[in-house]
Amino acid sequence: MAPRVLISDKLSDAAVQIFKDRGIDVDFQPDLGKDKDKLLEVIGQYDGLAIRSATKATEKVIEAATNLKVIGRAGIGVDNVDIPAASKKGIIVMNTPFGNSITTAEHAIAMLMSVARQIPEANASTHAGKWEKSRFMGTEITGKTLGVIGAGNIGSIVCSRALGLKMKVIAYDPFLSEERATEIGVEKVELDELAKRADFITLHVPFTEATKNILSAERIAQLKPGVRIVNCARGGLVDEAALAEAIKEGRVAGAAFDVFAEEPAKENPLFGLPNVVVTPHLGAATSEAQENVALQVAEQMSDYLLTGA
Ligand code: MLT
């Protein structure tokens, strides 16, 4: 009998086609992931579960998944999957670490530019017919120092784009070797130094116990006055309340956040502050990236279900 895969989030049709082409019985129910009870009811029928971020593969779901062999996350973060629970049951969890990295890096650069020139506020004001030419004084990024926290997959692409924009790039990443830093054209520094020197900071690390509040209230107090902070990685890396205070006091000049400690973010200490640009976790939201991650996850899951590889 052909393995059965449930796609419970909005995944590109390309994934459905790949599963079909590979002889897998695929059930595409893009809204099912939001219905926890329904998911619990049906998950026992499937060998594979393909998700984005809306489906939460909790311990309860995994317990009910009596036939499940693989969970495929079309994207990078697997924080919506209870990995220890899956591992205990021998269920493989796979992600697609490369499919959306360029798109996410580009979003970080777009956010950096937006906060440097107050584009969203100027846009809203101009649409409102105000023509407030003297209200929006920006800052040049050429020659400014960008502090990159995390120079892995996405962070290193951000470094290359920032270098192309003639920024000086310094990076804090305990896993970055001096050789790799030289190769990607950045100066490897400790976090204390990055805090002191960066005119802009962008975060590109996963959310773990070690990175939680990596920009804590204490750390924010040590940042170079006038710094602007971009977070397109994960909520919880920055103490949002402390950052909001620092912005109100003028110690931090602006922030551009795509991710929040609590999502969906309907309320947040950063909302409504001047020179704070916010987007609803759009880092991976391009048609190219969604196509890439859908194709990759479908191929990987099919390989595993059909050959065990
Ligand atoms: C990811 O982890 O791939 C991104 O944050 C995209 C997403 O969750 O939609």
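Author: With a definition. Two strands pair if DSSP finds at least two bridges between them. Helices (H or I, at least four residues) and strands (E, at least two) are DSSP runs, numbered from the N terminus. This is a predicted model: local features need pLDDT of at least 70, side-chain atom pairs count only at pLDDT 80 or more, and totals for chains, interfaces and linings use all residues. Residues are numbered from 1 along each chain as its sequence is written.

Reader: How many bridges join strand E1 and E3?

Author: Three. Strand E1 (residues 4–7) and E3 pair in the parallel sense. Look at Ile7: it stands opposite Ala50 in E3. E3 also pairs in the parallel sense with strand E4 (residues 70–73), over four bridges. There, Ile51 stands opposite Arg73 in E4.

Reader: What is the order of the open sheet of seven strands?

Author: Read it across: E8-E7-E6-E9-E10-E11-E12, with parallel pairing. Strand E8 (187–188) and strand E12 (276–278) stand at the edges, and each has a single partner strand, so one side of each is left without a neighbour in the sheet. Ala171 has Lys188 in E8 as its bridge partner.

Reader: Which strands pair with E9?

Author: Take E6 and E10. Four bridges join strand E6 (residues 145–149) to E9, and the two run parallel. Ile149 has Leu203 in E9 as its bridge partner. E9 and strand E10 (residues 227–231) are also parallel, with four bridges. Thr202 has Val230 in E10 as its bridge partner. Now the side chains of strand E9 (residues 200–203): Phe200 and Thr202 point one way, Ile201 and Leu203 the other way, and all are buried.

Reader: On to helices. How is a packed pair described?

Author: Two packed helices are described by the angle between their axes and the distance between the axes. Axes are lines fitted to C-alpha atoms, for helices over the stretch in contact, and angles run from 0 to 180 degrees between N-to-C directions. Helix H1 (residues 13–21) and helix H12 (residues 287–307) pack at about 20°, with axes 8 Å apart. H1 and H12 are therefore roughly parallel to each other. Angles under 35 degrees count as roughly parallel, over 145 as roughly antiparallel, 65 to 115 as roughly perpendicular and the rest as oblique.

Reader: Which residues of H1 and H12 meet?

Author: In H1, Ala14, Ala15, Ile18 and Phe19. In H12, they meet Glu291, Ala294, Leu295, Val297, Ala298, Glu299 and Ser302. Contact here means that C-beta atoms, placed from the backbone, lie within 7 Å.

Reader: What about the angle between H5 and H7?

Author: Helix H5 (residues 101–117) and helix H7 (residues 153–164) pack at about 50°, with axes 8 Å apart. H5 and H7 are therefore oblique to each other.

Note on methods. Buried ≥ 20, exposed ≤ 12 C-beta atoms within 10 Å, placed from the backbone. Contact = placed C-beta atoms within 7 Å.
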